[in-house]
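Hi,

Here is the structure I promised to pass on.

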Amino acid sequence: MSRPGFVLEVDERTPALLMHEGEGFRLERLPLGSRVIYPPESLPGLRDVDEEIRRALAAPLGRPPLTELLVPGMRLTIVFDDLSLPLPPMRTPDIRQRVIEHVLELAAANGVDDVELIAGNALHRRMTPAELKRTVGERVFRSFFPHHLRNHDAEDRPNLTEIGRTKHGELVEINRRAAESDLIVYVNITLTAMSGGPKSVSVGLASYRSLKHHHNVHTLRHSRSFNDPPNSAMHHSYDRMAALLAEHVNIFQIETTVNNNLFPKQMDFLNKREWEWNLKDQAAFLAVRRANELVPPARRRQLWHRNAAPYGITSVTAGAPEEVHPVSLRHVLRQQLTEVNGPSDIGIWGLPYICPYNVNSIMNPILVMSLGLGYFFNLYRGQPIVRPGGVAIFYHPVRNEFQSVHHPSYIDFFEEVLAETTDPVAIETKFEEQFATDPWYIHLYRNSYAYHGVHPLYMWYWGAHALEHLGDVIFVGGDRKATARMGFRSASSLADALEMARERVGGSPTITYHHTPPLAMADVR
Amino acid sequence: MRRLFAGLRDDVRMVRQARDLHGQARTPRSALAHETVRGSSSFATGWARTPAARAARRAIQDGLLKPVTWTQVRPQIEGLDHLQRLSGPVVFVANHSSHLDAPLIIGSLPRRLSSRLAVGAAADYFFDTRWQAMVTALVFNAFPIVRRGHDRRRSLAPQLLAEGWNLLLFPEGTRSEDGWMSPPRIGPAHLCIQRQVPMVPVMLRGTYAAMPRTRNWPMPGQQRVIVRYGKPLHPAEGEGARALHQRMVQSMARLWAEDDLGWYGSLRAQARGELALPTGPLEPVGDGTPALVQPGSWRRVWAASRPLPARSKHLQVWRRGS
């Protein structure tokens with residue numbers, strides 16, 4: 001039986017608490033009276049995942065059994081979430097592999113020859129063959145790669161189809177093969193309340209022309225939060241697009257959810273509450289932390305990215321997207337939601353080594369910003385854990401490092417755009433068109449393994465709501481120049497950060513530490 | 001290399017904060033409702049009662065445990081004369097505010113009782129790691145007591161009594177937070193009624209001041225501690241657990257008061273029904289009646305951690321034991 005999430009109030013009994021900081025972690029003593037948001041304990045995974053997949057495909061919600069939808073001569077397109085999900089990547093076999101294999105077994109039995117598999121990577125970088133193989137499994141890879149297993153290309157004009165416009169004038173344009181298929185089977189991992197459902201096809205297979213209707217500053221500032229779909233303008237846009245898509249294409253959605261088992265057994269202390277650490281956990285903490293400090297940075301990053309999470313699967317649901325997604329959301333919230341009583345003056349987050357856009361890559365300063373002020377700040381329902389005008393304190397080294405193959409436009413954005421302005425609206429107005437249409441960035445996106453040219457701007461918009469809401473942003477341990485370039489401040493210790501925050505929140509502020517990962521979503525009343 | 005060791009030292013210091021010798025932290029108050037049951041009674045302790053283990057235990061207790069304890073504090077043992085006619089099995093029940101309590105009782109009991117003594121120890125504290133469970137079982141002949149959850153009724157205690165072992169139980173269930181007693185549980189009384197064995201109340205004073213909860217070693221200065229044995233309480237014909245429990249509470253209250261009122265004075269106060277368990281210092285309130293100082297007040301710890309005076313200020317007319 002997993003224990004629910006709860007809010008700890010730091011007292012004299014509370015030991016030092018774990019804080020992630022990039023490719024490392026530390027223990028930190030928080031001031032007495034600080035609140036700490038803990039997620040519910042990891043839920044038990046399904047005992048027989050294959051049986052659960054079979055059951056979901058045989059008795060889907062709002063659709064006939066999948067086997068009845070698969071007929072000889074049909075065009076079947078299987079789309080799956082790309083490597084940005086889940087985080088950290090899943091220990092193999094990936095749940096997508098298991099689901100796709102079940103779908104293909106049925107397709108083969110029903111005589112379906114025309115099958116294509118597409119990674120729904122939108123404007124993300126292409127997945128390498130090795131990454132594709134890891135995601136779909138060796139058997140699928142061998143049968144379909146390279147001609148029928150590929151990445152979506154959002155800049156391949158001839159292979160994009162305009163579906164139409166929503167009543168709000170939003171253009172819906174998706175991958176032609178998918179649009180012209182008799183059936184799209186979308187295989188998803190709903191890691192947070194933000195992902196899955198209407199977002200899957202309308203975003204995963206879309207083009208820049210379509211994405212810009214919801215990936216913009218105005219929409220993101222009115223998505224409060226983007227992990228709370230009913231109050232997210234971004235999701236309202238997804239819903240309109242999904243409704244239009246439903247009139248033109250037949251989508252069979254298969255959604256899965258995972259529990260909070262993020263770290264392997266030998267690093268179990270990262271999954272546990274600190275006062276419950278036994279001697280083994282304490283020894284493991286000391287050993288891993290010291291070894292981590294000794295390893296050269298490049299090797300350290302490699303080791304962290306080699307971590308494959310031993311997730312348990314908590315649900316498999318299939319059928320019509322609009323009926324499947326609410327079920328998945330319930331499972332996600334059951335695993336992540338913790339009730340919090342009101343916001344505080346200061347919010348603290350420890351930022352880990354990984355975000356959706358640096359899998360097998362480097363977490364550059366822009367990605368640090370989007371992880372902290374975008375993803376983690378928005379892990380709330382109701383209201384942010386920090387009051388308007390409050391201060392956010394993040395732990396991360398914010399090194400001025402970029403992966404030039406994966407993030408070429410990020411480098412230019414950091415060096416040129418942020419040197420001029422950090423205002424999301426000004427950036428959007430002045431630079432978006434330029435970055436989105438730059439032929440060199442487009443070439444790298446299509447032929448190399450680069451994120452789309454406009455992607456760093458989207459990352460900046462991702463934090464637009466937080467930038468508007470917060471009075472100050474401080475990075476503990478952050479590189480001074482890199483944080484200053486982004487308009488933030490850095491501090492060498494928590495005590496310094498609290499001292500710097502005084503000018504905004506006074507000398508005795510209320511503090512909330514959002515203890516994540518594992519993922520915790522704050523339901524702030 | 002120096003940097004490495006400096007970093008390690010800092011990390012160790014950080015990990016050790018708010019943790020005891022066993023590396024365990026107390027559950028923060030706001031997390032108590034979400035506490036999980038750690039450990040279980042499943043750790044087998046039968047091996048600790050074999051002849052070989054008993055011989056090893058005797059060597060450890062006589063050669064190490066008692067000498068160390070007796071050099072770090074100044075024990076004053078009273079009431080041993082009450083135990084002269086006891087042959088066992090018997091259940092000793094004591095207040096509990098320090099890790100010194102068990103060694104003091106074990107070291108002060110006559111050999112015929114201590115050699116067949118088993119100590120009830122919290123399963124979630126002493127038996128949560130294998131090495132700790134083994135050491136505890138060997139040195140103290142401890143057996144696990146599950147304090148919470150479904151397993152708490154599956155105790156080894158009745159079986160041990162049936163096998164002729166004496167038991168030492170701490171009915172408060174845990175060491176005192178502030179040196180004062182919390183309400184004892186009725187479990188030992190049930191056990192004595194069920195097995196029809198006598199119960200001996202034991203009162204320890206000064207052990208909190210000598211080695212309070214957060215310390216891993218006694219305070220310097222050889223502080224004085226008192227171990228006072230009461231008269232055995234034999235279950236009367238038809239007596240229920242609640243009545244025996246009440247007698248135990250009265251007896252413990254009297255043993256505590258003996259220091260303040262003297263032996264005879266404590267008897268008189270008991271007869272007048274004026275005694276209660278030492279649950280905290282009293283303070284006068286509006287109408288002049290004394291009330292307990294509220295839990296959480298620093299004055300509770302302050303009062304409990306005051307060392308016992310070097311000598312009893314009361315002239316003892318009948319000095320008992322040695």
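Predicted model: local features only at pLDDT ≥ 70, side-chain atom pairs only at ≥ 80, totals over all residues.

Let's begin where the two chains meet. On chain A, 21 residues are in contact with 21 residues of chain B. Two elements of chain A, β1 (6–9) and α11 (279–294), each give at least two residues to the side that touches chain B. The largest share of that side comes from α11(A), with seven residues. By class, the chain A side has nine nonpolar, three polar and nine charged residues.

Now the inside. The largest nonpolar core has 159 residues, and the ones touching the most other members are A:Ile78, A:Ile184, A:Val185 and A:Ile474. Helix α14 (residues 365–376) of chain A supplies the largest share of this core, eight residues. Another core, of 68 residues, lies apart from it and includes B:Phe92 and B:Leu161. If you click on A:Ile474, leave out residues up to four places away in sequence and you'll find that it touches, among others, A:Val391, A:Phe488 and A:Met500.

Last, a helix pair in chain A. The axes of α1 (residues 49–58) and α3 (residues 95–109) come within 10 Å and cross at roughly 50 degrees, which means α1(A) is oblique to α3(A). The crossing is right-handed. From α1(A), the contact involves A:Val49, A:Asp50, A:Ile53, A:Arg54 and A:Leu57, and they meet A:Arg98, A:Val99, A:His102 and A:Leu106 of α3(A). Five residues in this contact are nonpolar, one is polar and three are charged.

Cheers

Definitions and conventions
Residues numbered from 1 in each chain as written. Chains lettered and ligands numbered in written order. Contact = placed C-beta atoms within 7 Å. Helix = DSSP H or I, 4+ residues; strand = E, 2+ residues; numbered from the N terminus. Nonpolar A, V, L, I, M, F, W, Y, C, P; charged D, E, K, R; others polar. Core = buried A, V, L, I, M, F, W, Y, C linked by C-beta atoms within 7 Å. Buried ≥ 20, exposed ≤ 12 C-beta atoms within 10 Å, placed from the backbone. Axes fitted to C-alpha atoms, helices over the stretch in contact; angles between N-to-C directions. Parallel < 35°, antiparallel > 145°, perpendicular 65-115°, else oblique. Left-handed = near helix turned anticlockwise from the far one by under 90°.
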